[in-house]
Amino acid sequence: MFNAAVVDAHNDNRDQQQQQISRHKVDVSQPQFTWRAIVVGLLFGTILCFSNLWFGLQSGWISMMSLQSSLVGFAVFKALEHLLDIPFGPAENVVLQSTAVATATMPLAGGFVGILPALKLLEESESNGALTVLNYGQLCAWGLALTFFGVFFAIPLRKQTIIKEKLRFPSGTATAQMISVLHKRPDPTLEDEELPRGSSTANGRIGAGPPSVPEEGEVAVRRRRGQAPQVTAEPVASQADGILEDAVEEPSAVSATFVDDVQWVTKLLVLFIAFVLSGIYALLAHFFPIVSALPVFGSRASKVWAWNLTPSLSYAGQGIIMGLPTCIWMLVGSAVGWGVLSPLAKNESWAPGAVTDWKTGSRGWILWVSLAVMIAESLVSLGLVGTKEMLLAARRLYAFFGRRKASGALLPSQPAEDASPPTNSALGQAGNENVLLRKASTASLLLAEDEEDEDEVDSRFLVPAWITWGGLAASTLLCMGIVKALFDVPLYDTLIAVVLALPLAVLGVRALGETDLNPVSGIGKVSQVVFAGVMPGNLVGNIVAGGIAEAGAQQAGDLMQDLKTGHLLNASPRAQFAGQMIGSVFSVFITAGAYLLYNKVYPIPGPQFPAPTAQVWLDMARLVNGHPLPPHVWPFIAAFSILFAVLPAAAVLIKNCGREQFTFGSWSVRTTTVLRWWPSGIAFAIGIYNTPNFTLMRAIGAISVAAATEAAVVRWKGQPAASPIPMLEQEAMLRRKIAMLAIILASGFVLGEGTISFFILLSQAFIA
């Protein structure tokens, strides 16, 4: 009986595993890597790269734009649908957006919006004769030095974070949901628990036939992959694309099958109108610069305290994409920094210069508070992730040795002849008993291994190990050689920087997977602190080391988000890796050329492009190398550091308290809502180091969409019910529909001003 139970249980579990594995096989019925997807991804990524460089040099903020890439890519192929022999599928869309994101984010990953402007700000006595201004060839070499090792290092992290631990990676998950809606596929984060009413099958599994999309009026009860069936599910949370988070107020919002019935003509019209309006503003701001800084708070507030409004639709679009909570905390940071701390420092003569002056004015003074907030939150967040990792590793180690000890006690060594087939007697022989126990233990170990690999795709769709580790070694050597040639940093110091960047990238990836926030700024500052001891007094080397750490974390994080999207949509990781590499290499040459154009036409840093993150890098390098702080700023640094060190720790406690909601008298609030509105130190800090004009328009954009959404919901509730779908689920679908249109609107705003501004730049560089 024992033997039969072991074998039957094992066989049943193996069958279940095989059924689950079949769902996650790469769908070979549709194209994976295609040059048409790569070309469109490169073209759209180039536009995004120009926009990100423009806005990054202005305000220090860039966007991955993965949702927008999948949306615009689909729109392109939708328009060409009648010319295509093979339909454009979701796997191609995954590769397209991976390529576009890799191309778009090079301004940050390559240090073009922070590291390189910071080097230009160094005084001659601080550079020690090192190169601080690079020509085109040197810029390309610098970009290539930082491009590869983070991408190669992300590959081995995929299995642990996505396959085994199933970290959510909210932006990657949101992009997968967007692509599913575009291609009329079921939500990939949900599984069918019951059949839709009125249908005989509910097949949403790739490779087993075409997925069913419920007709209007049908409802499928679904559950999250890897979770028990439940009525409500966790909402989509995304810092990079926060509008989707704002759309899902109630967790049950994703329990219904989402049907996108908005016509494509409407979507393209919204995108086009938004693009044109934003482009018109860019032209007006160019020919009438006064439009860029409206003194809406009065002449004195504008001239003395830098309180202006820049009515840029692109910044409104960024605010829509960021989401309301992020923009609110940026607004709070702006109010505290520019409404309280800046006047205080000015009036107390702690910063007697002009308010906007980095060296003697209150702008430079409050920057230290912003830097302290970013470092405190990033360090605590990384520390919490690192502590969790160590505890999990210790638990696994304890379980491993405990299992070995138990196996050794139960399964003593037996001679070969003892391994005979069991007899028909009921465990009559001790030898047979040991054989059965050994088989049971082996079966359980095999099953455990199967459970870890149940979601993995076939090896032919994975990046080979020799490419991963060989590429990591080669890219490290390339980085060492280029950094030595450009900045005369010793080879072993660059090697230390890369080795330090890798574990920091692991922590960044894990934080990104759990919170959707990759603390690349904090990671770079950690590297700067370490290299103050490795290369004391070398400010160039210190900034470069921070740039290496930031690049590794940024590239690894971007690819992990994309790999999460691909995993949910059964796309080939190898195809995504190829798209990432092509996009990154292509973007190095594009970004380097664009950066030179900006420097040719505008002073960088300067009034038009202050490059605020450059000042952050430079101040940190000076601080860790012994430069003094501005007068009287230390108490404020300490106070805000403590506050924003406590807040992320408190958020973890709230998240793990096990309570679904908190009740205060007659008022109650869900735990997920508390966490969604929890103070963001990074957003708060950005509000401080950016002048208020950038923050105000972002907040206006987010608030406007939130208000319009609530108005539409109120109007809908006033209409008589005409659907069998529960009201709560109808409301959730309405919010999701509005959120998608808002993303399209915001994309048009961002792309319009970014594109037209770049053409204005080209005209000034080559025509004027």
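## A loop residue to start with

Where is the place of Asp488? Asp488 sits in the loop between helix H18 and helix H19 (491–515). The model shown here is predicted. In it, Asp488 has a positive phi of about 55 degrees, although it is not a glycine. Is Asp488 buried or exposed? Its relative accessibility is 53%, so Asp488 counts as exposed. The cut-off for exposed is over 50%.

Ala611 also has a positive phi, of about 45 degrees, and it is not a glycine either. Ala611 lies in the loop between H22 and H23. Its relative accessibility is 0%, so Ala611 counts as buried.

Pro605 has its place in the loop between helix H22 (573–601) and helix H23 (612–624). A cis peptide bond joins Ile604 and Pro605. The omega angle of that bond is about -5 degrees.

## The whole protein

Now step back to the overall picture. The protein has 28 helices and four strands. It has 768 residues, and 55% of them count as buried.

Contacts can also be sorted by separation in sequence. Take the contacts between residues at least 6 apart in sequence. Of these, 81% join residues at least 24 apart.

## Aromatic pairs

How many aromatic pairs does a search of the whole structure find? The search finds 19. In Phe50 and Phe758, the ring centres are 3.7 Å apart and the planes are at 10 degrees, so this pair is stacked. Stacked pairs have planes under 30 degrees apart. Phe50 lies in helix H2 (residues 35–59), and Phe758 lies in helix H28 (residues 727–766). The pair therefore ties together parts that are 708 residues apart in sequence. Phe50 is buried, and so is Phe758.

Trp350 and Phe636 form a tilted pair. Their centres are 6.0 Å apart, with 55 degrees between the planes. Trp350 lies in the loop between helix H15 (324–347) and helix H16 (362–410), while Phe636 lies in helix H24 (residues 634–655). This pair therefore ties together parts that are 286 residues apart in sequence. Trp350 is buried, with a relative accessible area of 19%. Buried means under 20%.

Ring pairs also build a cluster. Its members are Phe50, Trp54, Tyr598, Tyr602, Phe609 and Phe758.

## Helix H21 and its partners

Helix H9 (residues 149–164) and helix H21 (residues 539–568) cross at roughly 45 degrees. Their axes come within 8 Å. That angle makes H9 oblique to H21. The crossing is right-handed. Among the H9 residues in the contact are Phe149, Val151, Ile155 and Arg158. They belong to a contact with H21 residues including Gly552, Ala556, Met560 and Lys564. By class, the residues of the contact of H9 with H21 are twelve nonpolar, five polar and two charged.

Helix H18 (residues 465–487) packs with H21 at an angle of about 150 degrees. The axes of H18 and H21 are 12 Å apart. The two helices are therefore roughly antiparallel to each other. The crossing of H18 and H21 is right-handed. Cys479, Val483 and Phe487 of H18 make the contact with Val540, Val544 and Ile548 of H21. The contact of H18 with H21 has six nonpolar residues, no polar ones and no charged ones.

Thr103 is in helix H4 (residues 90–104). Thr103 is buried, with a relative accessible area of 0%. Which residues does Thr103 touch, not counting those up to four places away in sequence? They are Leu42, Gly45, Thr46, Cys49, Gly583, Phe586 and Ser587.

Thr695 is in helix H27 (residues 692–717). At 1% relative accessibility, Thr695 counts as buried. Leaving aside neighbours within four places in sequence, Thr695 is in contact with Met330, Leu331, Ser334, Gly687 and Asn690.

Trp678 is in the loop between helix H25 (671–676) and helix H26 (681–689). Trp678 is partly exposed, with a relative accessible area of 24%. Beyond its neighbours within four places in sequence, Trp678 is in contact with Trp329, Leu647, Pro648, Ala650, Ala651 and Ile654. Trp678 and Ala650 are 28 residues apart in sequence. In space, they are 9.7 Å apart, C-alpha to C-alpha.

Technical notes
Residues numbered from 1 in each chain as written. Predicted model: local features only at pLDDT ≥ 70, side-chain atom pairs only at ≥ 80, totals over all residues. Heavy atoms only, no water. Phe/Tyr/Trp six-rings, centres within 6.5 Å; stacked < 30°, edge-to-face > 60°. Buried < 20%, exposed > 50% of the residue type's maximum accessible area, 1.4 Å probe, protein only. Axes fitted to C-alpha atoms, helices over the stretch in contact; angles between N-to-C directions. Parallel < 35°, antiparallel > 145°, perpendicular 65-115°, else oblique. Left-handed = near helix turned anticlockwise from the far one by under 90°. Contact = heavy atoms within 4.5 Å. Nonpolar A, V, L, I, M, F, W, Y, C, P; charged D, E, K, R; others polar.
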